[in-house]
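Visitor: Please show me the structure. I would like to ask a few questions about it.

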Amino acid sequence: MKRAIKKSLLLVMAVVMVLGLVTTGALAAPDLTGRDPNAAVSLTIHYNIMPDGTPIAGTPVGPPSLPNPQGAPISNASWSIQRISVPDGANWNGAANTVQDSWLVGTVYTDVTDTNGRVTFTPAVQGVYLVTGPADATPQRFVVSLPMLFENEWLYDVHVFAKQVTNPVFDKELLTVTKQTGANAAALGYALATWEFTLDIRAGLEILPAVPNTDGAVFIRVVDVLDSRLVLVPGTVVVSFDTDGTGNNQTTLTHGTDWVLNSTGNTHTIDILGPGRNAIAANGHVGGRIRIELQTSVIDLERDEDDLGRIANTGTLHYGSRDPFGLFGTPETHPSFTVFALEVLKTSNSGAILPGAVFRLYRAADVTGGTINSGAIPIAIMNSDTDQHWFYGLLSGDYYLYEVEAPTGYNRITTPMRVTVTAATTDADYILTVTVVNNRNFELPLTGGAGTLLFTAIGLALIGGSILFLLVLFKKKKKEDNEAA
């Protein structure tokens, strides 16, 4: 029994290198005692995915005590073998990556794995063979001896368990960025961004041991350290997965049971736990996606202009409670959007700065023909008692600036002013400055003052002059009529 267990442990090695048949001066001469040089040999490759990269010992089944492969089988994967013949005097350390192409001789045997993830080769000649797997395989190349010498016993039918350990495909995307209005804008900022992190549902997921919820183990963890300018909108995290691979049919996992959210400051950790993993394994479509969606807002603060510009959201993946796979990517690949600031300067027609105006900022869709649509809600309201008026966190696009109240002693602008915010029209700090000029009011004097008498006298004089003019015309006409008679 002990011997069988040792043999099984040897056979489950992903890379098998036995140099018992190598005849080269670089290696010790092998002892071929007991080998049948005429016996047929075979190599069976078992190719399975290990989603978290952990070799799990299988249960030996049948002679010669082969372990049961762990992980889903990978079908239609191409493998090939070719015999190695090392020239006399060549220096070879036995490693697959040092095999020279000129050392490969004889027939190249190529075949693909079946639905059970197996492929068997029966080369006509005994020898040491270079095994080459699919491009995404781990390992891609290894050396195996046919037959294989193990504990003084020659194994003519050799089994190799080549486990594919690949990084999950982890994608990050910015779905939408919208301009908030009303209370949301006042509380959370003007730019509302929806982010999506996705992870492929991998083959083999269904046969991993269940991760219990009670011991705090995590099946999938996404850590999102938000930019300091962003804030997570409460209640917007949604975790779901594909059930048919089309992306149209999503099953939503239950917060608190299937997954949990832990937040510390601006770091938000989303853990998919054992029950969530079991739901995905039972109903998820292999090749589909696990989705984590959340929303953030730009914090509405009077901040330094350096806080404007590009805002990215990266997120990192931890898979199977292990360290991140290094799927961070480069900053250029992270989804992002750009925020701007609008600075409004209030001046008189002489250029003097005027505090005390009140502005409302509207989206372009809320203004028709220079008139604000009925019921339109402003993106933000600026009640200013300073020299500068700032609107932070704006997205690129068109806006209308409406002056609700003018500074004391000045007329407000009654027609909304169109403002286009783009990177091309802003400076390097993503700030667009707009100057709004107000003119002084024309005020009538108080009733009963000298000014009023003056206006009255002028009015009476004009009326009297008009009557006098009409009388002169009438007399002249009458005289002409009498002369004509």
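Visitor: What share of the chain's residues is buried?
Guide: This is a predicted model: local features need pLDDT of at least 70, side-chain atom pairs count only at pLDDT 80 or more, and totals for chains, interfaces and linings use all residues. Numbering runs from 1 along each chain as its sequence is written, and side-chain values use heavy atoms, leaving out hydrogens and water. Buried means under 20% relative accessible area, with a 1.4 Å probe and protein chains only. Of the 485 residues in the chain, the buried share is 42%.

Visitor: How many helices and strands are there in the chain?
Guide: Both are DSSP runs, numbered from the N terminus: helices (H or I) have at least four residues, strands (E) at least two. The chain has 4 helices and 29 strands.

Visitor: Why are the buried residues of helix H3 on the same side?
Guide: Helix H3 spans residues 274-283, and its buried residues are Gly 274, Gly 276, Arg 277, Ile 280 and Ala 281. The arc is taken from the directions from the helix axis to the C-beta atoms. They lie on the same side of H3 because they cover an arc of only 160°.

Visitor: Which strands do the buried residues of H3 pack against?
Guide: Contact means heavy atoms within 4.5 Å. The partners are strands E14 (238-242), E17 (267-272) and E18 (289-298).

Visitor: Which residues have the most contacts inside the largest nonpolar core?
Guide: A nonpolar core is a set of buried Ala, Val, Leu, Ile, Met, Phe, Trp, Tyr and Cys residues joined through side-chain atoms within 4.5 Å. The largest has 49 residues, and those with the most contacts inside it are Phe 337, Leu 342 and Phe 391.

Methods:
Buried < 20%, exposed > 50% of the residue type's maximum accessible area, 1.4 Å probe, protein only.
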